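Dear colleague,

I am passing on the structure below, together with some notes on what turned up in it. Please read them alongside the coordinates when you have a moment.

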Amino acid sequence: DTDRSGFLDYLEFHRLLDELGLDYTASEARRLFHLLDEGQSGDITFFEFCHAVFPNLDVERLCDRGILQLEHSSAAASASSTRRRPRATRRAAAARAAPSSSAAVW
């Protein structure tokens with residue numbers, strides 16, 4: 001997230017693939033980007049990224065419990081646009097309002 005927007009746009013995502021040494025063609029990278037963009041918003045949210053990279057991790061629950069806090073309120077709000085677990089994301093805002101001293105901030 002080079003522009004600190006709380007989202008990965010396609011160019012940021014493509015740069016990430018390059019930096020990781022993943023040699024995808026532009027077409028392959030675009031298809032992968034669209035797969036990760038669950039809400040079809042044109043950006044990949046933190047939650048969408050976590051759903052793809054850590055499919056068994058309930059990142060919304062970590063937010064609910066205050067273990068994980070998002071630095072960008074726009075990224076937290078965008079969780080409601082993902083199709084997987086929108087119910088849990090409403091609670092993430094409440095968890096951020098009462099932070100725990102041991103919480104990780106992203």
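Which residue caps the N-terminal end of α1? Asp9 does so, with a side-chain oxygen 3.1 Å from the backbone nitrogen of Leu11; helices here are DSSP runs (H or I, at least four residues), strands are runs of E of at least two, and both are numbered from the N terminus.

Please bear in mind that this is a predicted model, in which local features need pLDDT of at least 70 and side-chain atom pairs count only at pLDDT 80 or more, while totals for chains, interfaces and linings use all residues. Residues are numbered from 1 along each chain as its sequence is written, and side-chain values use heavy atoms, leaving out hydrogens and water.

Within α1, the buried residues are Tyr10, Glu12, Phe13, His14 and Leu17, where buried means under 20% relative accessible area, exposed over 50%, and partly exposed in between (1.4 Å probe, protein chains only). These buried residues pack against β1 (7–8), α2 and β2 (44–45). Tyr10, leaving aside neighbours within four places in sequence, is in contact (heavy atoms within 4.5 Å) with Ala26, Ala29, Arg30 and Phe33.

Just after α1, Gly21 takes a positive phi of about 75°. Further along, Tyr24 sits in the loop between α1 (10–19) and α2 (26–36), and it counts as partly exposed because its relative accessibility is 35%.

Note on methods: Polar contact = N/O pair within 3.5 Å; in protein donor to acceptor, adjacent residues only side chain to side chain.
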